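Please look through the sequence and the model shown here. The paragraphs after it give a guided reading.

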Amino acid sequence: MTDGIFDPPPPYVPPYYSSAPVEKSFTIPTSPISEDAARQALLEYAKKKHFYSSRPVQEMLLQNFHLFNAFRYCLETFTENRTCKWMAVPYNGEEVDDAGNGPHPNPWDIQKRPPHLFRKSEYHMPLPRTSSVKTCSQCRGRGRNICGSCGGSGWSRCMACGVSPTNLNQTCTACGGMGQVRCCMCSGCGFKRCTTCCGQGRLVTYIQLTIKWENHNFEFLADHQSDFPTKRFKKVTGEILLSDEQRTVSPVTNFPEPSINEASENMISQHRSEFAACRILRQRHTIEWLPLTKVDYTWKGAEYHYYVYGKENRAYVEDYPRKYCAIM
Ligand SMILES: [Zn+2]
Ligand SMILES: [Zn+2]
Ligand SMILES: [Zn+2]
């Protein structure tokens, strides 16, 4: 609907935020996992696989532990967006909030808090003082329209005999030989209730304000310089080295791994420009240290290795020494 004069909500003008850099000293863990934890991780791995023998875990000789530094940077930007569109609903005689009560407010000035921070949700409401009552243009106020199925006659062709001319010499039981039956779409009255106004003949039109809250996530993993597949970090957690939540966060500048600082600066500025038409309600970012240890071991004189990763101590094994052996 386009009736009525209506300007879309003006773009949101964000207030000025200072961007003081994050001043924090970081302590990076340096001790690898214990031998027991390394053994346990491989044992859990073998248990999960059908037919893998746990004998290599019991008999292996642990050799070297290499600790890698893996860091994950996460930025979340929680935004609010407001849009308006014309709506029309059947009028049931209720009082309407029309322009006679004054000019309508700027959609951005309406106070509405999100039900949850950092979670997607949506809210609809009529913009105050934009309602008005109009005659339904579909039925011109009559509340009913001519039945499209029978064209207003109330009769339609009998399908029982109309489609089977071979039965013409018998009297059709459906129409009694008339060749026509009462229209089943309008019960023979020739009219149907107007679906636009639900038979009321009048509509209330108003501007509907829709508020959308969305969370935008960004994740960056610094190069850990090992052949461990990075995507496996998705399912594990690490140790939180920085956790900061503000109206708008400032980039991290003094983290020992420079690519994390770079990702932080780039993403924060990208989110600010990408969501310029929205209101940024809240931001948070974290830096995690993801434990990653490469364990070298020997079993029956041959050399093997596996990785233990995440706080959950999961094992990643490329080549397990004894597969397909049900007996210990
Ligand atoms: Zn018939
Ligand atoms: Zn009809
Ligand atoms: Zn109507």
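Predicted model: local features only at pLDDT ≥ 70, side-chain atom pairs only at ≥ 80, totals over all residues.

Residues are numbered from 1 along each chain as its sequence is written, and chains are lettered from A and ligands numbered from 1 in the order in which they are written.

Helices (H or I, at least four residues) and strands (E, at least two) are DSSP runs, numbered from the N terminus. Two strands are said to pair if DSSP finds at least two bridges between them. Strand 1, residues 61-90, pairs with two partners described here. With strand 10 (residues 279-299) strand 1 runs antiparallel over 18 bridges, and Leu62 stands opposite Tyr297 of strand 10. With strand 8 (residues 202-221) the sense is again antiparallel, over 19 bridges; here Glu80 stands opposite Trp213.

Strand 8 is also joined to strand 2 by 6 bridges, the two running antiparallel. In this pairing, His124 has Thr210 of strand 8 as its bridge partner. A residue is called buried if 20 or more other C-beta atoms lie within 10 Å of its own, exposed if 12 or fewer, and partly exposed in between, with C-beta atoms placed from the backbone. Strand 2 (residues 121-126) has 6 residues, of which the number buried is 0, so strand 2 lies largely in the open.

Helix 4 covers residues 258-274. Its 17 residues reach 24 Å from first C-alpha to last, close to the 24 Å expected at 1.5 Å a residue (the expected span is 1.5 Å times one less than the number of residues). Its buried residues are Ile260, Ala263, Ser264, Met267, Ile268 and His271. Seen down the helix axis, these fall within an arc of 120°, so they line one face of helix 4; the arc is that of the directions from the axis to the C-beta atoms. The buried residues pack against strand 1, strand 8 and strand 10, where contact means C-beta atoms, placed from the backbone, within 7 Å. On the other side of helix 4, Pro258, Ser269 and Ser273 are exposed.

Two loops remain. Most residues other than glycine have a negative phi. Arg140, in the loop between strand 3 (132-135) and strand 4 (144-146), is not a glycine but has a positive phi of about 55°. Arg140 is exposed, with 11 other C-beta atoms within 10 Å. Ser187, in the loop between strand 6 (180-182) and strand 7 (191-193), has a positive phi of about 60°. Ser187 counts as exposed, with 12 C-beta neighbours inside 10 Å.

Note on methods: Contact = placed C-beta atoms within 7 Å.
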